[in-house]
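Hi everyone, thanks for coming.

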Amino acid sequence: MQNEVVSREEWLEARRALLAKEKEATRLRDSVNAARLALPWVKVDKNYAFETPEGRKSLADLFDGRSQLLIYHFMLGPDWDAGCTGCSFLSDHVDGALPHLNHHDVTWVAVSRAPLDKIAAYKQRMGWQFPWVSSFGSDFNFDYHVSFSPEDLAKDKVFYNFTPMQPADANDELPGLSAFYRNDKGEIFHTYSSYARGPEELIGTLMILDRAPKGRNEDSTMNFVCRHDEYEEAAKAPSCCH
(Lines give C-alpha, C1' and ligand atoms only; values in the text may rest on other atoms or scores of the structure.)
Protein backbone atom coordinates (compact mmCIF):
# COMPACT_ATOMS: atom_id res chain seq x y z
CA MET A 1 0.00 0.00 0.00
CA GLN A 2 1.40 3.39 -1.00
CA ASN A 3 1.17 6.48 1.18
CA GLU A 4 -0.58 9.63 0.04
CA VAL A 5 1.38 11.55 -2.61
CA VAL A 6 1.46 15.33 -2.08
CA SER A 7 3.29 18.42 -3.28
CA ARG A 8 6.75 19.31 -1.97
CA GLU A 9 5.25 22.15 0.09
CA GLU A 10 2.68 19.84 1.72
CA TRP A 11 5.40 17.27 2.41
CA LEU A 12 7.57 19.94 4.04
CA GLU A 13 4.71 20.95 6.34
CA ALA A 14 4.11 17.34 7.36
CA ARG A 15 7.83 16.78 7.86
CA ARG A 16 8.13 19.79 10.14
CA ALA A 17 5.25 18.46 12.22
CA LEU A 18 7.04 15.13 12.52
CA LEU A 19 10.30 16.92 13.39
CA ALA A 20 8.58 18.47 16.38
CA LYS A 21 7.59 14.99 17.58
CA GLU A 22 11.12 13.67 16.95
CA LYS A 23 12.59 16.50 19.04
CA GLU A 24 10.06 15.73 21.76
CA ALA A 25 11.13 12.07 21.67
CA THR A 26 14.80 13.09 21.88
CA ARG A 27 14.13 15.25 24.94
CA LEU A 28 12.14 12.41 26.50
CA ARG A 29 14.99 9.98 25.81
CA ASP A 30 17.44 12.38 27.48
CA SER A 31 15.11 12.59 30.48
CA VAL A 32 14.79 8.80 30.67
CA ASN A 33 18.58 8.42 30.43
CA ALA A 34 19.03 10.87 33.30
CA ALA A 35 16.48 8.98 35.40
CA ARG A 36 18.25 5.72 34.59
CA LEU A 37 21.57 7.12 35.82
CA ALA A 38 19.86 8.33 38.99
CA LEU A 39 18.47 4.88 39.92
CA PRO A 40 19.53 3.60 43.34
CA TRP A 41 21.88 0.63 43.41
CA VAL A 42 21.75 -2.76 45.11
CA LYS A 43 24.89 -4.31 46.54
CA VAL A 44 25.66 -7.78 45.17
CA ASP A 45 26.70 -9.97 48.10
CA LYS A 46 26.20 -13.36 46.46
CA ASN A 47 29.20 -15.14 44.99
CA TYR A 48 28.51 -16.17 41.40
CA ALA A 49 30.81 -18.42 39.37
CA PHE A 50 31.04 -18.62 35.59
CA GLU A 51 32.79 -21.02 33.25
CA THR A 52 34.94 -19.15 30.72
CA PRO A 53 37.53 -20.13 28.09
CA GLU A 54 40.18 -18.99 30.61
CA GLY A 55 38.74 -21.07 33.44
CA ARG A 56 36.32 -20.48 36.28
CA LYS A 57 35.72 -16.80 37.08
CA SER A 58 33.74 -14.74 39.56
CA LEU A 59 31.43 -11.85 38.74
CA ALA A 60 34.24 -9.50 39.77
CA ASP A 61 36.57 -11.19 37.28
CA LEU A 62 34.15 -10.51 34.43
CA PHE A 63 34.78 -6.76 34.80
CA ASP A 64 38.23 -7.43 33.28
CA GLY A 65 39.82 -4.59 35.21
CA ARG A 66 37.13 -2.00 34.39
CA SER A 67 34.59 -0.44 36.75
CA GLN A 68 31.47 -1.03 34.64
CA LEU A 69 30.04 -4.30 33.37
CA LEU A 70 27.15 -4.87 30.97
CA ILE A 71 25.84 -8.43 30.85
CA TYR A 72 23.58 -9.51 28.02
CA HIS A 73 21.40 -12.42 29.10
CA PHE A 74 21.60 -14.44 25.89
CA MET A 75 18.91 -17.08 25.42
CA LEU A 76 20.83 -20.32 24.96
CA GLY A 77 19.68 -23.02 27.35
CA PRO A 78 21.61 -26.16 28.31
CA ASP A 79 19.60 -28.33 25.90
CA TRP A 80 19.16 -25.80 23.09
CA ASP A 81 20.62 -26.56 19.66
CA ALA A 82 21.14 -22.89 18.70
CA GLY A 83 20.89 -19.45 20.23
CA CYS A 84 17.70 -17.39 20.15
CA THR A 85 17.18 -15.65 16.81
CA GLY A 86 16.40 -12.29 18.41
CA CYS A 87 19.38 -12.48 20.78
CA SER A 88 21.55 -13.36 17.80
CA PHE A 89 20.19 -10.36 15.90
CA LEU A 90 21.14 -8.04 18.77
CA SER A 91 24.53 -9.68 19.21
CA ASP A 92 25.40 -9.06 15.55
CA HIS A 93 25.72 -5.40 16.57
CA VAL A 94 28.14 -5.83 19.49
CA ASP A 95 31.63 -6.53 18.14
CA GLY A 96 32.02 -3.16 16.43
CA ALA A 97 31.13 -1.38 19.67
CA LEU A 98 33.62 -3.29 21.86
CA PRO A 99 36.68 -1.03 21.34
CA HIS A 100 34.58 2.03 22.13
CA LEU A 101 32.98 0.44 25.20
CA ASN A 102 36.30 -0.83 26.54
CA HIS A 103 37.95 2.55 26.03
CA HIS A 104 35.08 4.11 28.00
CA ASP A 105 35.61 1.81 31.02
CA VAL A 106 32.80 -0.60 30.09
CA THR A 107 33.11 -4.37 29.66
CA TRP A 108 30.47 -6.30 27.69
CA VAL A 109 29.90 -10.00 28.41
CA ALA A 110 27.16 -12.35 27.21
CA VAL A 111 25.96 -14.94 29.72
CA SER A 112 23.99 -18.12 28.99
CA ARG A 113 23.19 -21.29 30.90
CA ALA A 114 24.38 -23.50 28.05
CA PRO A 115 27.66 -25.31 28.72
CA LEU A 116 30.79 -23.63 27.46
CA ASP A 117 31.38 -26.03 24.54
CA LYS A 118 27.90 -25.32 23.16
CA ILE A 119 28.47 -21.57 23.54
CA ALA A 120 31.84 -21.83 21.78
CA ALA A 121 30.37 -23.77 18.87
CA TYR A 122 27.54 -21.29 18.30
CA LYS A 123 29.88 -18.32 18.74
CA GLN A 124 32.18 -19.76 16.08
CA ARG A 125 29.23 -20.39 13.76
CA MET A 126 28.14 -16.75 14.09
CA GLY A 127 31.68 -15.37 13.81
CA TRP A 128 31.45 -13.26 16.98
CA GLN A 129 34.37 -12.05 19.12
CA PHE A 130 32.70 -10.62 22.25
CA PRO A 131 33.23 -12.45 25.59
CA TRP A 132 30.59 -15.08 26.30
CA VAL A 133 30.52 -17.23 29.42
CA SER A 134 28.39 -19.97 30.95
CA SER A 135 26.42 -19.60 34.18
CA PHE A 136 25.43 -23.28 34.22
CA GLY A 137 25.15 -24.56 37.78
CA SER A 138 24.86 -21.01 39.14
CA ASP A 139 21.85 -19.11 40.45
CA PHE A 140 22.79 -16.07 38.39
CA ASN A 141 20.20 -16.39 35.60
CA PHE A 142 17.45 -17.31 38.04
CA ASP A 143 18.28 -14.44 40.40
CA TYR A 144 18.12 -11.98 37.52
CA HIS A 145 14.83 -13.45 36.27
CA VAL A 146 15.89 -14.62 32.80
CA SER A 147 15.82 -18.40 33.38
CA PHE A 148 12.94 -20.47 34.69
CA SER A 149 12.95 -24.04 35.94
CA PRO A 150 10.15 -26.51 35.13
CA GLU A 151 8.93 -25.91 38.69
CA ASP A 152 8.80 -22.15 38.04
CA LEU A 153 6.84 -22.65 34.84
CA ALA A 154 4.38 -24.92 36.66
CA LYS A 155 3.37 -22.09 39.01
CA ASP A 156 0.49 -19.68 38.51
CA LYS A 157 2.86 -16.79 37.75
CA VAL A 158 6.51 -16.17 36.91
CA PHE A 159 8.32 -12.87 37.47
CA TYR A 160 9.74 -11.25 34.34
CA ASN A 161 10.28 -7.62 33.31
CA PHE A 162 9.44 -6.58 36.89
CA THR A 163 5.92 -7.98 36.50
CA PRO A 164 4.18 -11.29 37.27
CA MET A 165 3.26 -12.99 34.02
CA GLN A 166 1.51 -16.13 32.89
CA PRO A 167 3.89 -19.10 32.53
CA ALA A 168 2.31 -19.77 29.12
CA ASP A 169 3.78 -16.44 27.98
CA ALA A 170 7.22 -17.26 29.39
CA ASN A 171 9.95 -19.70 28.39
CA ASP A 172 12.76 -21.56 30.11
CA GLU A 173 15.07 -18.75 28.91
CA LEU A 174 14.20 -15.09 28.26
CA PRO A 175 16.36 -12.12 27.20
CA GLY A 176 17.63 -9.17 29.19
CA LEU A 177 20.46 -6.75 29.87
CA SER A 178 21.94 -6.03 33.31
CA ALA A 179 24.47 -3.42 34.42
CA PHE A 180 26.92 -3.58 37.33
CA TYR A 181 29.46 -1.24 38.94
CA ARG A 182 32.61 -2.20 40.87
CA ASN A 183 34.15 0.41 43.16
CA ASP A 184 37.76 0.80 44.31
CA LYS A 185 37.09 -1.39 47.34
CA GLY A 186 35.95 -4.23 45.10
CA GLU A 187 32.29 -3.96 46.06
CA ILE A 188 29.85 -4.78 43.25
CA PHE A 189 26.48 -3.12 42.73
CA HIS A 190 23.59 -4.02 40.46
CA THR A 191 22.59 -0.71 38.87
CA TYR A 192 20.11 -1.54 36.11
CA SER A 193 18.30 -4.30 34.23
CA SER A 194 16.10 -4.23 31.16
CA TYR A 195 14.02 -7.00 29.64
CA ALA A 196 11.76 -7.89 26.70
CA ARG A 197 11.94 -5.00 24.20
CA GLY A 198 13.91 -2.85 26.65
CA PRO A 199 17.33 -3.36 24.99
CA GLU A 200 15.85 -2.79 21.50
CA GLU A 201 17.79 0.44 20.97
CA LEU A 202 20.99 -1.62 20.94
CA ILE A 203 19.86 -3.12 17.62
CA GLY A 204 21.10 -0.62 15.06
CA THR A 205 19.42 -2.40 12.16
CA LEU A 206 16.00 -1.69 13.67
CA MET A 207 16.87 1.98 14.10
CA ILE A 208 17.85 2.12 10.40
CA LEU A 209 14.71 0.29 9.29
CA ASP A 210 12.58 2.75 11.26
CA ARG A 211 13.74 5.37 8.76
CA ALA A 212 13.16 3.29 5.63
CA PRO A 213 9.95 3.77 3.59
CA LYS A 214 8.37 0.52 4.84
CA GLY A 215 9.82 0.70 8.35
CA ARG A 216 10.22 -2.66 10.03
CA ASN A 217 7.52 -4.17 7.83
CA GLU A 218 6.73 -6.83 10.41
CA ASP A 219 3.60 -8.72 11.40
CA SER A 220 4.83 -9.23 14.97
CA THR A 221 7.93 -8.14 16.84
CA MET A 222 10.99 -8.97 14.71
CA ASN A 223 9.23 -11.82 12.91
CA PHE A 224 11.26 -10.98 9.79
CA VAL A 225 14.58 -11.71 11.50
CA CYS A 226 16.77 -14.73 10.77
CA ARG A 227 20.17 -15.68 12.06
CA HIS A 228 22.52 -13.99 9.65
CA ASP A 229 23.61 -17.28 8.05
CA GLU A 230 20.01 -18.41 7.44
CA TYR A 231 18.63 -15.73 5.14
CA GLU A 232 19.10 -17.88 2.06
CA GLU A 233 16.92 -20.59 3.54
CA ALA A 234 13.31 -20.75 2.36
CA ALA A 235 11.77 -21.11 5.80
CA LYS A 236 12.40 -18.19 8.15
CA ALA A 237 12.51 -18.89 11.86
CA PRO A 238 10.59 -16.28 13.91
CA SER A 239 12.31 -14.49 16.73
CA CYS A 240 11.79 -15.88 20.20
CA CYS A 241 12.43 -12.51 21.85
CA HIS A 242 8.97 -10.95 22.19
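Let's start with Asn-217, which is exposed because its relative accessibility is 58%, where exposed means over 50% relative accessible area, buried under 20% and partly exposed in between (1.4 Å probe, protein chains only). Before I go on, this is a predicted model, in which local features need pLDDT of at least 70 and side-chain atom pairs count only at pLDDT 80 or more, while totals for chains, interfaces and linings use all residues. Residues are numbered from 1 along each chain as its sequence is written, and side-chain values use heavy atoms, leaving out hydrogens and water.

Back to Asn-217: you'll find it in the segment after helix H8 (204-209), with helices (H or I, at least four residues) and strands (E, at least two) being DSSP runs numbered from the N terminus. Its phi is near 50 degrees, a positive value in a residue other than glycine. Most residues other than glycine have a negative phi. Phe-162 also has a positive phi, near 65 degrees. Look for Phe-162 in the loop between strand E7 (158-160) and strand E8 (163-165); with a relative accessible area of 51%, Phe-162 is exposed.

Now to the charges. How many salt bridges does a search of the whole structure find? The search gives 16, counting a side-chain nitrogen of Lys or Arg within 4 Å of a carboxyl oxygen of Asp or Glu.

One of these pairs joins Lys-46 and Asp-139, at 3.0 Å from N to O. The two are 93 residues apart: Lys-46 sits in the loop between strand E1 (42-43) and strand E2 (49-52), and Asp-139 in the loop between strand E6 (132-134) and helix H6 (140-143). Lys-46 is partly exposed at 39%, and Asp-139 is partly exposed at 40%.

My next stop is Arg-125. Its salt bridge with Asp-229 has its closest N and O atoms 2.8 Å apart. Arg-125 belongs to helix H5 (residues 116-126) and Asp-229 to the segment after H8, so this pair ties together parts 104 residues apart in sequence. Arg-125 also forms a salt bridge with Glu-230, at 2.9 Å between the closest N and O atoms. That pair ties together parts 105 residues apart in sequence.

Is Glu-230 buried or exposed? Glu-230 is buried, with a relative accessible area of 11%, whereas Asp-229 is partly exposed at 37%. Finally, Arg-125, Arg-227, Asp-229 and Glu-230 are linked in a network of salt bridges.
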